[in-house]
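Good morning, and thank you for coming. I would ask you to look at the structure on the screen while I go through it.

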Amino acid sequence: MEKMSAVKRAILCAACIALCYALPMAFHAFGAGSVFLPMHIPVFICGLTCGWPYGLLCGIAGPAISSALTNMPPVAMLPTMVVELAVYGVVSGILMQIVRTKRLYVDLYISLVVAILAGRVLAGMARALIFAAGSYSMAAWVSGYLVTSWPGTLIQLLFIPSLVYALMQARLIPQRYPKTKTGDRKV
Amino acid sequence: MSFEIKSLSYVYQRGTPLETPALENVSFSIGDGEFVGIMGHTGCGKSTLLHLMAGLLPAPAGTVLIDGEDINRKGYDRSVLRRKLGVLFQFPESQLFESTVEKDVAFGLKHSGLSTKDIEQRVQWAIETVGLDYSRVKGQSPLGLSGGEKRRAAIAGVLAVQPRHLILDEPTVGLDPMGREALLELLVKLNRDGMTILMVSHDADSLGEAARRLLVLHQGHLAADGPIGQVFADMDAMADWGLGVSQSREAAGLLARKGLEVPQDITSYRQLLPAVLTALKGGGSP
Amino acid sequence: MNSQLTGQYIPGTSIMHRMDARAKFSGFLLLIAAVILTGTIKGYLLTISFILIIAALSKLPPEIATGSVRRMLPFFFVVFLLNVLFFESETPLWQWGIVTISIDGIAQGANILLRIVLILILSNVLTLTTPPMALMAAIESLMSPLRFIGVPVGDVSMILSVAVQFIPTLLRETDDIRTAQTARGAQFESGKLLDRAKALPPLLTPIFLSAFKRADELAVAMEARGYRGGKHRTKKASQPMPVSGWLALLLCAALCALQIFLF
């Protein structure tokens, strides 16, 4: 997605940061709440579409602004959450740049899955080593990052790639492989 | 009666310093098969009224009856309401999300219990009714359509449910003149086939052409309710409410001032032209 | 159509409303530190009275200043219970498997609960008395030292302020989209977890599409007007912090120091 100008990337990134605040509110309003990890979605989208520096900023500023304005996440949770989301933004952005299989969905899934794993592992490590040193165990990591988050992970795997595809269909971001005709999906 | 609204009131942000009344004691009813327009200056409460009438906001004071049933009653089945009442919001194209037009139009039929075949027929009917080429667009992504086509696809999604009553919020905004004309024609046709239509709009010309009755909301109150020609006739009152009238109505007023005997309850171009011809020919009486 | 959003600015003229936003934000950080440093009953009495005075000075209706606290009560209850039940203590009152109830555990639960509540009240006061743009400007001016480690502070603060300006629009749009899809028969509230997950795309896709569309329009407009990036932006000269701001900071710092050295 080389064709987007720096200004456009910057403003798309701003929109994603704003969504880090607005999406959890919307989810909250109909009771889906935090099980679906709504704040993660804009960060992945930002990394995948705008590149890693913007993904990084979104991963830091998104939860920080939301926390400052609404206390969700609570200040105490903010540092680990920032680590997790920043890794999502950076890793998904870098991989989208490197991985080019000529198939959009393959690129998206590789970037997404690696980013999800990297983010959860690194956030767990950050927690164990820095933020809650000593009182944090492997079991807590497994339950916190793998078990209770499965609905959110499912949503991420199911919808984020097709969301990126929809944005391309709507011509809001450039086609990754422009020769592919719109309409016939290459999976 | 399609809609019976009884002493409906609504206050935003109740109990905070930002408390603002949106509706105060509004009552009216709308019969089956009517085509009613609602006008009002920005912030008059028309959007709140629309949400309350569609059961999208709970009514804290007053009642909303649709086909004689209180939609805020405990145990009232909202999915029944969704099937008989279609709502088309401003810029409805922003609701499109599915991967194909066909799937998007069928979205509202998901919980309808219809067979796959019936759904397909309904979808085809809806897409053709809004003037899109079914075989061309059905497999396309709705997001890749042109602006006007997107609007049509979104309208098809609302029509596919075949609602008995249709509420529209500013449906003509953002359409080119041709698109607007086509939409009004469609609405008039649906109305003729028996659909109750309630259209909230700033566009006096469109209302003048399509609606037969007009409600005016002013600062949360029902300021006027009557045949649209009658409401438009009092241009001073309309101006007081911050509203304009249709160009045809204005032209009729100007012509009258110039001494031509044209009736003052004209609202649309279709009425204006013959009226002017008659006035020119016979000096008033045909 | 949200009736009362959390953290929405409420205009007013109280001392807290008029205080310099930079002072308020730095003071907020200092007070969070003070809350975390507080560890004794006497210390808590001091911290609590300090924060209650601030809340009173903001002249916000109490039910609004504590709004998010009341909304999160169930969450607090769970946090408290977890601490009470699973705190490993040397002197348990009652023990069954891994479940241990002890005075230490109850104290620990109360301690954590009190911290969360106090921090919630503080940040409510901060966000309810400060317009979002002023808050952003304050954060930007506090961030400016980051320039020396190579962070493009100008670009970052442009992005942040655009983001904050997007928030009200996007909240309204997400709400509109939710309403519109409900009117089309989407069912968000009911059903099992999987059903609710399946109900998300009608919401998610349009929200992202409309957010990206707005962003795209804004980017085009900015480029048309010749915007090239933060480095070229003319910056408003920032005003020095007023004496009242320094005084407020001094008070907050004093509270921190007291918590460290006295209690």
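I begin with the area buried between domain 1 of chain C and domain 2 of chain C, which is about 910 Å², with carbon and sulfur atoms giving 74% of that figure. Please bear in mind throughout that this is a predicted model.

Which elements supply the domain 1 side of this interface? In chain C, α2 (21-37) and α7 (103-129) each contribute at least two residues to the side of domain 1 that touches domain 2. The most comes from α2(C), which gives 4 residues to that side of domain 1 of chain C. By class, the residues of the side of domain 1 of chain C that touches domain 2 of chain C are 6 nonpolar, 5 polar and 1 charged.

Let me place these domains in the chain. According to the domain assignment of chain C, domain 1 covers 1-130 + 239-263, and domain 2 covers 131-232. In terms of contact, 12 residues of domain 1 of chain C meet 10 residues of domain 2 of chain C.

How many salt bridges are counted between domain 1 of chain C and domain 2 of chain C? The count is 0.

I turn now to chain B. Chain B contains 12 helices and 10 strands. Its radius of gyration is 20 Å, close to the 19 Å that the globule rule gives for 286 residues, so chain B is as compact as a globular protein of that length. The C-alpha trace of chain B spans about 60 × 50 × 35 Å along its principal axes.

Finally, the interface of chain B with chain A. Here 5 residues from chain B are in contact with 5 residues from chain A. The area buried between chain B and chain A is about 400 Å², and carbon and sulfur atoms give 51% of it. Which residues of chain B lose the most area to chain A? They are B:S141, B:L143 and B:G144, which together account for 72% of what the chain B side buries.

Between chain B and chain A the count is 0 salt bridges, while 2 residue pairs are in polar contact, both residues being at pLDDT 80 or more. The side of chain B that touches chain A comprises 2 nonpolar and 3 polar residues, with no charged residues.

Thank you for your attention.

Technical notes: Residues numbered from 1 in each chain as written. Chains lettered and ligands numbered in written order. Predicted model: local features only at pLDDT ≥ 70, side-chain atom pairs only at ≥ 80, totals over all residues. Heavy atoms only, no water. Domains from an automatic or database assignment. Contact = heavy atoms within 4.5 Å. Buried area = accessible area lost by both parts, 1.4 Å probe. Salt bridge = Lys/Arg side-chain N within 4 Å of Asp/Glu carboxyl O. Nonpolar A, V, L, I, M, F, W, Y, C, P; charged D, E, K, R; others polar. Rg over C-alpha atoms; globule rule 2.2 N^0.38 Å. Polar contact = N/O pair within 3.5 Å; in protein donor to acceptor, adjacent residues only side chain to side chain.
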